[in-house]
Amino acid sequence: MTNARTGNVQEAPVVSVVADDLTGAMDSAVQFAHAGWNAQLLLDDCALGSHKHGSVSAFVTDARALGDSEARTRTRSAASIGAERATRLFLKIDSTLRGSVGAQVGGALDAWQRTRPDAFALICPAYPAMGRTIADGLLLVNGTPVHETSIGSDPVTPLTTSSVAELIPGSCVVPAPKRGRWSKESLLAAIRVARTTSSVISVDADEQNDLAVLAEVVAEFEDDVVPVGSAGLAAALATVWGAGLEAQSRTRQNPQRMIIVASSLHDVTRSQVAALSARRCEQSITWAPTVREILDEGERAAWLSAVRATDLRHLITVIDAPRQRAEPSGAGEFKPTELIVQTLAEATSSLIDGRTSIALMLLGGEGARAVLSRLGAQRLHIHATVREGIPIGSIEGGIAAGATVITKAGGFGRRTDVADIADELLSINNEGIRQ
């Protein structure tokens, strides 16, 4: 990589990724792994990762559903660790701008500006490969304004607008040219103008090449910029920041069993679990507690005891969140709580019990975080993707050390992705026979 100011060839920087949930941290960090970086997700504050050139350490704040004050504090704290150890910071936000995005941007800037007072945030959550684009300052999902899709009625972080300026108050929007596309030079000039009026700037993008141009512009500002986006921008930055790195070959384990934990209530996840159950009804078993079994202490203990008695004769065990949408009182929508994800995590832990030949597929960031914490995992070494936006890695530390882990955000993927990935990892053919 060439220094934009001096023209000298430099080593790849040390990058810190700060993400608002675990699946987001994984699907961004894996973009760096693809480009030859040594990428890991840190789950334990005491297990700080490598700070050698060409390394990426991802931190999870769990800030998405938090109030602005707490979200800003947590993001500031995680970004401060990065500011001490890394030469570049990437803030990973939700590709559909759900949750406390503005506060997270503010927290990242708070930390980065302590030693880089001229730093500014450059935001583009577009992920064209997954249908997320930005046009005229509006966030679209497969061409539809995001607040008009099912994402807009998310049970935890709903959206009432698709305007980036409204979703990130105080930001300055730089729309794409009316004719043609951005060149590096024209985008750089537009951002420099916007920077005179705001330290938070957002940019349109509707294809991956737009993000490639944006990444080149980010490189021009070196450590004076905090790029903010999703895995789409992470992929472009990994290439630009890591010029000269070579992809690393990794050996994938062949698990004997799989446990799938579906904590997300998103319709995409629900459809994927249903497709898996329909295809593998004879090879799989599903444990899905009711709301009552979660909330009642005695019934919860009985349900967990039944799960523990499972002898894993089935190739696939699904631990599923309650399907009911109504609370016991009948008032309002049912929302995942800490008790729910902790119960799913406890059930998963009881089935692992030191078995590293079991692969984990974790659907939903909150549940993934709870499961890995329960297992005592310290880090995840991130290897590759099994599908766009669905990374695979291995666990370090805890009772599942060495086990394969796959994470997927609730709203990502095709209906058959979970079933297809299970078949591939377990080497099951169309007749349901292991090859």
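How do the residues of the lining of the largest pocket divide into nonpolar, polar and charged? The structure examined here is a predicted model, in which local features need pLDDT of at least 70, side-chain atom pairs count only at pLDDT 80 or more, and totals for chains, interfaces and linings use all residues. Residues are numbered from 1 along each chain as its sequence is written, and side-chain values use heavy atoms, without hydrogens or water.

The lining comprises 11 nonpolar, 16 polar and 15 charged residues; here Ala, Val, Leu, Ile, Met, Phe, Trp, Tyr, Cys and Pro count as nonpolar, Asp, Glu, Lys and Arg as charged, and the others, Gly among them, as polar. The largest pocket holds about 950 Å³ of space. Among its 42 lining residues, Ala65, Val156, Gly365, Glu366 and Gly367 are the closest to the centre. Two or more lining residues come from each of helix 1 (22–34), helix 11 (338–352) and helix 12 (365–374), and helix 12 gives the largest share, 7 residues. A pocket is an open set of points on a 1 Å grid over the protein atoms alone, where a 1.4 Å probe fits, with protein on both sides within 12 Å along at least five of seven lines; lining residues have an atom within 4 Å of a point. Its volume is the space filled by probe spheres set on the points, which are joined across faces, edges and corners.

Turning to the strands, 5 of the 5 residues of strand 14 (residues 316–320) are buried, meaning under 20% relative accessible area with a 1.4 Å probe, protein chains only. Ile316, Val318 and Asp320 lie on one side and Thr317 and Ile319 on the other. Strand 14 runs parallel to strand 12 (residues 257–262), joined by 5 bridges, with Ile316 as the partner of Met258. Strand 14 also pairs with strand 13 (residues 284–287) in the parallel sense over 4 bridges, and Val318 is the partner of Thr286. Pairing requires at least two DSSP bridges between two strands; helices (H or I, at least four residues) and strands (E, at least two) are DSSP runs numbered from the N terminus.

Key: Buried means under 20% relative accessible area, exposed over 50%, partly exposed in between (1.4 Å probe, protein chains only).
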